[in-house]
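Q: I would like to learn how to read the features of a protein model, going from the pairing of strands to the packing of helices and the charged contacts. Could we work through them one at a time?

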Amino acid sequence: MTCFTLNGKPVTSQLPASTRLSDVLRTEMGLPGTKIGCNAGDCGACSVLLDGAPICSCLTAIAQVDGAAVTSIEGLHADGTIAKLQDSFLAHGAAQCGICTPGMMVAASALLAENPAPNRHDVEDALGGVLCRCTGYSKIIDAVLAVGGDAKISPRPQAGQNVGSPIRHLDGQPKVDGSLIYGDDAVPQDALLVRVIRSPHHYSSFTIGDKAGFLASHPGILAVLDASDIPGRNCFGVIPPFADQPVFAETTALYRGDAVAAIVGDADVIRHFDEADFPITWTPYETMLSPASAMADGARKMHANRDGNILVRGYVETGDADQALAAAAHKVEIHTTTPFIEHAYIEPEAGYATREGNRIVIHGCTQAAQMDRESLAEIMGMELEAIRVVPSACGGGFGSKLDVSFQPYVALAAWVLGRPARICYSRGESMRASTKRHPSDIRLAVGCDETGRISGFVFDGIFNTGAYASWGPTVANRVPIHASGPYATKDYRANSVAVHTNAPPAGAFRGFGVPQSAVAQECAFDLLAEKLGMDRLAFRRLNALKNGVPTVTGQVFNSGVGIDDCFAALEDSWHAAVASAASFNQTATSDDSLWRRGVGIASCWYGCGNTSLPNPSTMRMGITADGKIVLHQGAMDIGQGANTVITQIAADALGVPVHDVHILGGDTDLTPDCGKTSASRQTFVSGKAAMLSGMALRDMVLRHGNVDANATIALDGAVLTLADAGGGTLRIALTDMPVNDYGYVFMAEETYDPPTSPLDEKGQGIPYAVFGYGAQIVELSVDAALGRVRLDKITTAHDVGRAINPLLVEGQIEGGVAQGIGMALMEDYQPGRTENLHDYLIPTIGDVPKFDHVIVEVADQEGPYGAKGLGEHVLIPTAPAILNAIRHATGAAIYDLPATPDKVCAAIAAAQAAQGRPS
Ligand code: FES
Ligand code: FES
């Protein structure tokens, strides 16, 4: 028994003395605001105050707080400084998915209690132990720094002014006060715990032994589930024709982390179960972790229908690339490699299921509620209507939570045992089992003529797609379309291949392979510019795609191509940065002569939505009899701000203030299908559906009132007032009107599906209705002795068509750039070796520099109010811009990512040796 003060009140814990304080808070005390990201002291999500000082509650045994005062996020009373801190976080957009926010708030509150006027360095120090994967930290720093000053005012726009307004997240308050419910935060008290038994081997056959005997000798374990228990199809996959992943492997596990069985029972028993006791016999095979080994002659075939372990190939060709290259005045060849990259969302996969009669209801984190539902219906052998998915808040996804993960296990357990069943992956399980960014091995040859115009482009990319298909086909198809970058490339050939190996499935991760191909293309462009003796930005502007110029798939946009506008917006910053670096390097004294400054630039383009496939979203909007405007918003908000941005669009389409619109979201019983949150499609596709719904609802209301098209709409309780330009006013008592089956007096539901066309055998056609564009400048310093890279500043220019919410645009950019920094400098997932957040490094608050943003708005004809997608674009230029800056600073050419200090040192030595200088 441990007695302590919790949030100002005396409490007693009955749990054993060694129990983690975080578990006591979340379970025994019923305070789930303290989050668990790793249970190992790496992420800081579990931060609480112990006698006023921040600690990791996951590393603190309850016995250690005996007699002490503990304050969790729930105890940070929203008055005085804390109220200002919460307000500042909201005003700055400092909470995206919000899963790190309680830890950040706790750490910041301790800092501000001690130092009410901290500087940036103080904030970085104080918050350095808390990881955020969404924001890029900059807005968090700004939010804390602003607490001591005047409050930042957030706009509350009127009708017609919602689009373009930098309003705070509409769903932000529960994130900053810790009350938002994530996948593991609100499970039924009587829920059984599910634990998945996974392969410890990269490649192995197995036999499960005596299940009945095992159950008889393990009281508290109520069921062992395996492939034989699947009532429907033991298979799932995000692209139905390629679906190949079993819920439970049947005889052979294809990767370390492959699920082979699950045990279900009392939480305590399941939690403490030693997996060595599970009756299973393994027969490991020779492992194939690289595409080379999997494609080698005689390699064991992992999937019966995939010769050579090849999942799929992608191809785009236009003109005659070989002839153009042969005729080129200058030519470069480059070979780049990138490793697996882990999503590292702070919230591991978590949720629960309940059986309700003949239905299964699944609660938990997801990026794709409707896709989950379809997969589960197949797995459970049920009608679609028998499956209901109720998404919790999602603590980050970045692509990986598009795939089914925990859902089949809890659904099956709840169905078989008739009791709620829950699961929460450990950090290790999450990292072992979940999808990753595809490792790439890319060879590119590109030439240009005497004037610098691109002449010939030949790209070959091998992508390690891991054990199962996941989004491998999407990566293989998307890369050849994008590998040219946003440049006019007449003579072009791009091949890609996705190869199965015994690694975790590689899937969707912000960019679907395009960040990898951009490393090769943008680094090669620097080499070409150097050969020409041409300014690197000027080279890019010369070749930038323009309106009316075909893309490599032959698609022609007559308006909306914004890449050169992005470059133009960066001209002044570029020349100033290059001059500043040159000046520093020339005047460096002997003391600091080991530091060299460099500047890099890179660009992006990215097609929004599915590649040449139907991609619809449907939105419903209604007005209730008591005067409530409701938007059924099923586009999963995973922190990127869909709830806010899509509501801004819908509000302007209807003609009401955004804060008058209530959002109903997620639950598949309540919202139409908005598709998945991926491919930067929600603002564009679901936003367009919201715009059409708002316009249709407006039209319906105006026609009912028989007023002109410019009339204003206002709601005052249950009275709807329509006022036309001529001064006429009509008041409609909504309570007098009949309601439809959904409970609305007026309702509209509209669908939008972007116009695309299939690609032919040469990859020619219309893969996307819209592309977004961008460019980034990186200024950095390299310690030439130790290989350390210090980022000084990143300047971005992204063409978003129309910034529906400029505050959220900046947040997306900074978060994506931070992930690009990780890709460039530190992230390297190795199966079996870096399955935690201390061996697998992601950027911390000290790794991210200051930002400067230019938001470019070249309107798109298709997008809602001209908007284009943004979420994935922003990561693409960062890594190549960093690599180009390192080379500019030191001559070190690093094309094998990440550019860790040892590689930087080796590359500097190689560059010096090439110049005949001693290293
Ligand atoms: S959960 Fe405690 S540090 Fe990550
Ligand atoms: S907002 Fe920080 S992890 Fe999502």
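A: Let us start with strands, where the rule is that two of them pair if DSSP finds at least two bridges between them. Please keep in mind that this is a predicted model.

Q: How many bridges does β20 form with β13, and in which sense do the two strands pair?

A: The strand β20 (residues 440-448) pairs with β13 in the antiparallel sense over 9 bridges.

Q: In what order do the strands of the whole sheet stand?

A: The sheet is an open one of 5 strands, with the order β12-β22-β21-β20-β13 and mixed pairing. At the edges stand β12 (310-318) and β13 (330-338), and each has a single partner strand, so one side of each is left without a neighbour in the sheet. Neighbouring strands of this sheet are turned by 5 degrees against each other on average, if direction is ignored.

Q: Which way do side chains point along a strand, and how many residues of β20 are buried?

A: As a general idea, the side chains of a regular strand alternate between the two faces of the sheet. In the case of β20, 7 of its 9 residues are buried, so this strand is largely enclosed by the rest of the structure.

Q: Which helices lie across the strands of this sheet?

A: Helix α14 (residues 472-482) lies across β12, β21 (454-466) and β22 (492-500), and runs at about 15 degrees to β12. Helix α15 (residues 514-532), for its part, lies across β13, β20 and β21, and runs at about 150 degrees to β13.

Q: At what angle do α15 and α16 pack, and how far apart are their axes?

A: The angle between α15 and helix α16 (residues 536-543) is about 110 degrees, and their axes are 9 Å apart. Angles of 65 to 115 degrees count as roughly perpendicular, which makes α15 roughly perpendicular to α16. On the α15 side the contact is made by Glu522, Phe525, Asp526, Leu528, Ala529 and Leu532, and on the α16 side by Arg536, Phe539 and Arg540. Sorted by class, this contact of α15 with α16 has 5 nonpolar residues, no polar ones and 4 charged ones.

Q: How should I read the salt bridges, and how many are there?

A: The rule asks for a side-chain nitrogen of Lys or Arg within 4 Å of a carboxyl oxygen of Asp or Glu, and by this rule the count comes to 41 salt bridges. One of them joins the side chains of Arg133 and Glu827 at 2.7 Å, N to O. Arg133 lies in the loop between α4 (120-127) and α5 (138-146) and Glu827 in the loop between α20 (806-825) and β33 (850-856), so the pair ties together parts that are 694 residues apart in sequence.

Q: Are Arg133 and Glu827 buried or exposed?

A: Residues under 20% relative accessible area count as buried; Arg133, with 5%, is therefore buried, and Glu827, at 0%, is buried as well.

Q: What does the pair of Arg541 and Asp564 look like by comparison?

A: The closest N and O atoms of Arg541 and Asp564 are 2.9 Å apart in their salt bridge. Arg541 belongs to helix α16 and Asp564 to helix α17 (residues 563-587), and the two are 23 residues apart. Arg541 is partly exposed, with a relative accessible area of 25%, whereas Asp564 counts as buried at 18%.

Q: Which residues are linked in a network of salt bridges?

A: Such a network links Arg26, Lys35, Asp184, Asp185 and Arg422.

Technical notes: Residues numbered from 1 in each chain as written. Chains lettered and ligands numbered in written order. Predicted model: local features only at pLDDT ≥ 70, side-chain atom pairs only at ≥ 80, totals over all residues. Heavy atoms only, no water. Helix = DSSP H or I, 4+ residues; strand = E, 2+ residues; numbered from the N terminus. Axes fitted to C-alpha atoms, helices over the stretch in contact; angles between N-to-C directions. Contact = heavy atoms within 4.5 Å. Parallel < 35°, antiparallel > 145°, perpendicular 65-115°, else oblique. Nonpolar A, V, L, I, M, F, W, Y, C, P; charged D, E, K, R; others polar. Buried < 20%, exposed > 50% of the residue type's maximum accessible area, 1.4 Å probe, protein only.
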